[in-house]
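Here is a friendly walk through one protein model, written for someone who likes to keep the structure open while reading. Take a look at the sequence and the fold, and then read on.

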Amino acid sequence: MAEPTTKNIVILGGSYAGISTAHYLLKHAIPKLSDSHSYQVVLVSASSEIICRPACPRAMISDDLLSQEKLWVSIPEVFKNYPVSNFRFEHARAEHVDHANRTVSIRYEKEEEDEKTIPFHALVIATGCSTPSPLLGLNKDSTELRAQWALFRDAMMKAKSIVIAGGGPAGVETAGELGEYLNGQPGWFAGKLENPKVDITVVTSASQILPLLRSSIALKAEDYLARVGVTVIKGTKVTGVTPPESGTDLALPTKATVSLSDETELNADIYIPAVGMTPNTSFLDKSLLMSDGRVETNHSTLRVDKAGDRVYAVGDVGSYARPAVHSILNAVPVVCANIKRDLLLAAGDEAGAERSFKEDTRETQMVPIGRSKGVGAAMGYRLPSFLVWLIKGRDYWLWTTGDLWSGKQWEKES
Ligand SMILES: Cc1cc2nc3c(=O)[nH]c(=O)nc-3n(C[C@H](O)[C@H](O)[C@H](O)COP(=O)(O)OP(=O)(O)OC[C@H]3O[C@@H](n4cnc5c(N)ncnc54)[C@H](O)[C@@H]3O)c2cc1C
């Protein structure tokens, strides 16, 4: 239990943004504050394990496809080397932030009747976004994600038709992984796979899949998808699904009828809604949110100006950049420098200049399609399939998360 004199730096959300911010502050901000033992980073996360979220499209299919040890990492374990006076983990969900009175109310994940109200000296909102499909991230906790994957794997082995709504990277990667796993790896000079074992369809309302990439790259992706038995329907919206809760909980019956804007219907043994992200911000006052539900964040300082002193947003939940890990990695040193500065000033100490964030908006996205192919671009340059495989497709970034979760990535102040 924190001393009443403890100044809590509360971080909500334990994923790319929250974990990185916590490590960075513990390494480079807290030790620089006079009376540093009186500051405690309180990391509140609905899940006590972190996962490499981009790996979900492959990881959901089978445990044999990716290293399980690298995929699931315990949060308390990666913070065990910091002084206990400076760090506390709460396996709980933020239920309400009272930004006027500077408190957060949390509810524990294990003992749901237990609630706690934590006063904060600084607050970092890093609760990310949820997907309508429970297969693509920690919408709840890791136990629930594992349970949803187990149900999916069972249904997948019996399925003859799978419909995926959404032509963004999550939908395309999921289709590619399922296509290769269920319909087989294509040969070197293979064309479209005729009569696939399982019909897999991607439906997108946009005129191309992967809208963040140029159209020639998107067409190449379609070609790779066709080789593993995936059909793409473009310029067509999913207007309804029966039963309406299809795809949102694999514990429910998985068969669905998917209605499309061209008045046709698709029958699916499994329906995967991989479209639309919902920011996890229901615990915040509406006055702090944009119309899309993200936290209204100062694009330069990453402060939440309307929430009072020392309140920040980082990661997909913030309105300052589009959702992507590389954006978070650029934002963390900036938000942490500004938090450090604000803490020093609040303590009556001198502090350096403020730092500014600038989003890199160049065409950057890598999309593996199955275990040997992929499309993408980095910093405006088109990447060959081999490089996409090498950088991302081999293990879906698991080679990068070890240093990130352990904090090694943030050893130096940058
Ligand atoms: C399928 C898929 C593939 C992707 N591939 C890539 C890629 O290749 N490259 C890339 O750059 N980006 C990729 N992304 C995007 C990337 O995963 C996100 O940008 C990143 O996960 C965002 O991290 P975050 O920390 O902001 O939030 P999230 O990863 O969304 O995590 C939020 C955390 O907050 C917790 N939480 C939620 N609500 C509460 C609450 N009320 N109280 C406490 N805790 C809460 C959640 O349990 C979760 O642990 C992909 C996303 C998906 C879905």
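How many salt bridges does a search of the whole structure find? The search finds 25 salt bridges, where a salt bridge is a side-chain nitrogen of Lys or Arg within 4 Å of a carboxyl oxygen of Asp or Glu.

## About the model

This is a predicted model, in which local features need pLDDT of at least 70 and side-chain atom pairs count only at pLDDT 80 or more, while totals for chains, interfaces and linings use all residues. Residues are numbered from 1 along each chain as its sequence is written, and side-chain values use heavy atoms, with hydrogens and water left out.

## Salt bridges

Let us begin with Glu115 and Arg107, whose side chains form a salt bridge at 2.6 Å, N to O. Glu115 is exposed, at 53% relative accessible area, whereas Arg107 is partly exposed at 25%. Here, buried means under 20% relative accessible area, exposed means over 50%, and partly exposed is in between (1.4 Å probe, protein chains only).

A second pair is Lys306 with Glu296, at 2.9 Å, N to O. Glu296 has a relative accessible area of 31% and is partly exposed. As for the element names, helices (H or I, at least four residues) and strands (E, at least two) are DSSP runs, numbered from the N terminus.

Arg303 and Asp342 also meet through their side chains, at 2.9 Å, N to O. Arg303 sits in the loop between β17 and β18 and Asp342 in helix α8, so this pair joins parts that are 39 residues apart in sequence. Arg303 is buried, with 15% relative accessible area, and Asp342 is buried too, with 11%. The two belong to a network of salt bridges that links Arg303, Arg341, Asp342 and Glu354.

## Around the ligand

Which residues come nearest to the ligand? Of the 33 residues around the ligand, they are Ser15, Ala94, Asp316, Val325 and Lys392; a residue counts as near if one of its heavy atoms lies within 4 Å. By class, this shell has 18 nonpolar, 9 polar and 6 charged residues. In that count Ala, Val, Leu, Ile, Met, Phe, Trp, Tyr, Cys and Pro are nonpolar, Asp, Glu, Lys and Arg are charged, and the others, Gly among them, are polar. At least two shell residues come from each of α1 (16–28), β2 (39–45), β5 (87–98), α6 and α8 (325–346).

Now for the individual atoms. A ligand oxygen is 2.7 Å from an N or O atom in the side chain of Ser15. Polar backbone atoms also take part: one of Leu138 is 3.2 Å from a ligand oxygen, and one of Cys129 is 3.4 Å from a ligand oxygen. Taken alone the ligand exposes 1000 Å², and the protein buries 92% of that. Such areas come from the Shrake-Rupley method with a 1.4 Å probe.

## Helix α6

Helix α6 covers residues 169–183, and at 1.5 Å a residue its 15 residues should span 21 Å; the end C-alpha atoms are 20 Å apart, which agrees. The expected span is 1.5 Å times one less than the number of residues.

Is α6 mostly covered or mostly open? It is mostly covered, with 12 of its 15 residues buried. Among them are Gly171, Val172, Glu173, Leu178 and Asn183.

Most residues other than glycine have a negative phi, and most peptide bonds are trans. Against that background, Asp35 is worth a look, as its phi is positive, about 65 degrees, although it is not a glycine. Asp35 is placed in the loop between α1 and β2 and is partly exposed, at 43% relative accessibility.

Trp397 likewise has a positive phi, near 75 degrees. Trp397 lies in the loop between α9 (385–393) and α10 (398–406), and is partly exposed at 23%. Finally, Thr242 and Pro243 are joined by a cis peptide bond, with omega about -10 degrees. Pro243 is in the loop between β13 (238–242) and β14 (256–260).

Terms used. A polar contact is a pair of N or O atoms within 3.5 Å; within protein, one must be able to donate a hydrogen and the other to accept it, and residues adjacent in sequence count only if both atoms are side-chain atoms.
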